[in-house]
Amino acid sequence: MTISVWPDNKPLDVAAIRDLPEGERAEQLKLVAKQVRRLIVQMIDTARAGHIGGDLSVTDALVTAAFGVLNISPETADDPGRDRLILSKGHCAAALYSVLALRGFFPVDDLETFMKPLSKLNGHPNRLKVKGVEANTGPLGHGLPIGVGSAVASKLSGKNWQTFVFTGDGELQEGSNWEAAMTAAHRKLDNLVVIVDRNRLQQGARTEDTASLDPLPEKWASFGWEVAEIDGNDTAALLKAFTQNRNGKPLAVIANTLKGKGVSFIEDRVEWHHKVPSKEQVELALKELA
Amino acid sequence: MNAHSSVSNETFDCRVAFSEKLIALAEADPRIVAVCNDSVGSSNLNAFRDRFPDRLINVGIAEQNMVGVAAGLANAGFIPFVCAAGPFLSGRATEQVKADVAYSNYGIVLCAMSPGMAYGELGPTHHSIEDLSWMRAIDNLDVLVPADPEQTKAAMDWAVASGRPIYMRVGRHKVPSVTPADRETAFTFGKIDVTGDGNDVALVATGTLVSRAIEAQAILAAEGILARVLNVSTIKPLDAETIIKAAKETKGLVVAEEGVLEGGLGAAVSMTLSENHPAKAKFLGVTSFAPTGSNDFLLEHFGLTAKGIADAARKLVG
């Protein structure tokens with residue numbers, strides 16, 4: 001993976017972004033997100049497989065959490081008090097792997113092995129193979145219960161780490177999420193954040209044409225959660241939501257996103273759930289992301 | 001070794017030993033927590049809750065969530081004992097057991113309370129008779145069925161020490177102690193405990209059926225048929241060596257379990273025999289959804305009794 005969009009071809013000091021003032025942080029996170037999107041497109045091109053639409057919609061939220069807010073680094077990967085980032089929408093592993101590689105958990109060049117035979121970079125993430133992966137997700141509706149367990153453990157141990165769980169919106173049709181939502185509110189887990197990648201598309205159709213989720217913020221609020229509804233492709237809005245007052249409750253961030261964000265011909269089109277772009281389309285995509 | 005041993009009249013609910021042991025383990029090790037699904041009473045966790053109120057995480061009636069929460073706790077270094085009625089733990093949360101526990105390689109002890117047909121009259125919805133088949137099919141998950149209170153406690157010690165993903169039945173139906181007094185430990189992971197060295201027939205049993213096999217051994221001895229009893233408390237991985245030895249040294253095996261025949265202990269024994277030393281065998285288990293009746297009545301209904309085992313053995317030998 002060689003193509004870079006870093007200014008002057010000089011990689012950003014991604015470890016330092018967390019300490020920047022909020023405005024500057026949001027600007028740098030945009031650059032990181034663009035780089036992650038380019039990596040995703042290249043990985044899917046190389047593998048000739050993957051879930052490009054959801055990868056591109058969740059990128060900004062993942063990048064903002066991982067580089068702008070959470071204590072996540074290779075140096076603290078085994079630290080019991082580290083923050084936990086759980087990608088419940090495990091089919092978007094390419095986005096997670098890109099984030100982890102840029103953060104130095106493994107060499108960026110390893111991304112070329114995505115989904116290749118015997119690669120550690122399986123189509124869905126495996127914590128035993130990749131440092132930085134916290135949960136072996138893939139079947140939907142698993143991440144939030146695990147996140148609840150992590151948040152309970154954080155309080156029980158007194159170490160007070162944050163747990164961020166990224167779910168899809170279609171994924172919320174799985175009932176296990178709402179079991180976990182009840183537990184989280186009941187136990188007042190204000191150290192738990194769920195980020196719903198609300199791109200309004202699931203594998204087969206629009207969510208609202210399949211099993212409607214609206215009114216989604218009200219659903220979470222009625223379960224006893226603090227709710228923020230924001231533009232989920234805006235790093236500044238994401239930063240603000242991730243650090244807002246939670247009033248002693250778990251926080252649900254409804255991140256309104258575009259599936260396929262950043263590549264015009266992929267954006268908001270159901271067929272790009274896991275379609276693989278042609279070589280020509282890859283070139284076009286990378287041009288748009290330049 | 002004795003030719004056979006007798007079974008005492010005193011019987012025990014293994015959940016009592018389980019809860020006493022869990023408190024002792026938790027006192028010694030702050031990593032131990034209990035996770036349950038509104039099953040504080042049925043899992044006998046009242047004393048644990050009183051002693052460690054913060055370390056009992058009751059998620060409500062939500063088994064998928066329960067197992068996921070346990071995985072999150074294990075991720076943070078805790079050792080969760082997940083306590084729920086067997087049918088709901090194994091059936092409702094199967095995918096979480098597979099992905100969040102076994103595939104994730106977490107040291108979580110999934111404690112299937114009141115397994116088999118312990119819920120008797122409540123009927124087949126509440127019988128956990130498929131669990132051994134379902135759980136055996138999952139890679140990297142050890143499957144344990146302690147046969148008495150001593151084995152239950154020793155298996156819990158092993159579970160904590162090993163840090164393994166474990167599914168363990170915790171019996172409700174009262175059973176006598178079957179652990180011979182001369183054993184150094186009541187439970188050795190991956191080893192079948194053999195009682196007697198009879199060379200006519202091997203009685204292979206697990207859980208509630210072990211004491212019944214020992215009774216059958218005595219019935220058969222009175223008729224001059226010499227049996228050995230194999231107590232299989234580790235269903236997976238199966239102690240193939242002891243099974244093969246029994247097949248070689250006897251005229252056949254009777255395998256008895258409180259569960260379906262498709263995929264449980266009998267299936268495991270059958271595969272071991274087929275690949276290594278084909279032998280005559282008879283498999284006893286729960287062969288249909290049960291009619292209404294108590295646990296004892298239903299065991300009798302399906303021939304899962306000392307008499308049923310002895311009858312099967314006689315046919316094999318004769």
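At 0% relative accessibility, A:Ile44 is buried, where buried means under 20% relative accessible area, exposed means over 50%, and partly exposed lies in between (1.4 Å probe, protein chains only). A:Ile44 belongs to helix 1 of chain A, residues 22–47; helices (H or I, at least four residues) and strands (E, at least two) are DSSP runs numbered from the N terminus. Apart from its neighbours within four places in sequence, A:Ile44 is in contact with several residues, including A:Ala49, A:Ile52, A:Phe114 and A:Pro277. Contact here means heavy atoms within 4.5 Å. Between the C-alpha atoms of A:Ile44 and A:Thr137 there are 19 Å in space, and the two are 93 residues apart in sequence.

The model is predicted: local features need pLDDT of at least 70, side-chain atom pairs count only at pLDDT 80 or more, and totals for chains, interfaces and linings use all residues. Residues are numbered from 1 along each chain as its sequence is written, chains are lettered from A and ligands numbered from 1 in the order in which they are written, and side-chain values use heavy atoms, with hydrogens and water left out.

The loop between helix 1 and helix 2 of chain A holds A:Arg48. The phi angle of A:Arg48 is near 55 degrees, a positive value in a residue other than glycine. With a relative accessible area of 37%, A:Arg48 is partly exposed.

A:Asp60 lies in helix 2 of chain A, residues 52–69, and is buried at a relative accessible area of 4%. Its side chain makes a polar contact of 2.9 Å with the side chain of A:Asn233. A polar contact is a pair of N or O atoms within 3.5 Å; within protein, one must be able to donate a hydrogen and the other to accept it, and residues adjacent in sequence count only if both atoms are side-chain atoms. Beyond its neighbours within four places in sequence, the residues in contact with A:Asp60 include A:Arg37, A:Leu238 and A:Lys261.

## Salt bridges

A salt bridge is a side-chain nitrogen of Lys or Arg within 4 Å of a carboxyl oxygen of Asp or Glu. By this rule there are 33 salt bridges over all chains. One of them joins the side chains of A:Asp45 and A:Lys279, at 2.9 Å from N to O. This pair links distant parts of the chain, since A:Asp45 is in helix 1 and A:Lys279 in helix 8 (residues 279–288) of chain A, 234 residues apart. A:Asp45 is buried, with a relative accessible area of 14%.

In chain B, the side chains of B:Arg15 and B:Asp13 form a salt bridge of 2.7 Å, N to O, and both residues are buried. Another salt bridge, of 3.5 Å from N to O, joins B:Glu249 and B:Lys245. These two are separated by about one helical turn because they are four residues apart in helix 9 (residues 240–249) of chain B. B:Glu249 is partly exposed at 34% relative accessible area, and B:Lys245 is partly exposed at 47%.

## Cis peptide bonds

The peptide bond from A:Asp214 to A:Pro215 is cis, with omega near 0 degrees. A:Pro215 sits in the loop between strand 3 (192–198) and helix 6 (216–222) of chain A. A:Asp214 also takes part in a network of salt bridges with A:Asp169, A:Arg198, A:Arg200 and A:Glu208.

In chain B, a cis peptide bond joins B:Lys236 and B:Pro237, with omega about 0 degrees. B:Pro237 is located in the loop between strand 12 (234–236) and helix 9 of chain B.

The area buried between chain B and chain A is about 2000 Å², with carbon and sulfur atoms giving 54%. Buried area is the accessible area (1.4 Å probe) that two parts lose on being put together, summed over both. In chain B, the residues that lose the most area to chain A are B:Asn65, B:Asn75 and B:Tyr103, together 26% of what that side buries.

Between the two chains there are zero salt bridges and eleven residue pairs in polar contact, both residues at pLDDT 80 or more. Strand 3 (56–58), helix 3 (63–75) and helix 5 (94–102) of chain B each supply at least two residues of the side that touches chain A. The largest share of that side, nine residues, comes from helix 3 of chain B.
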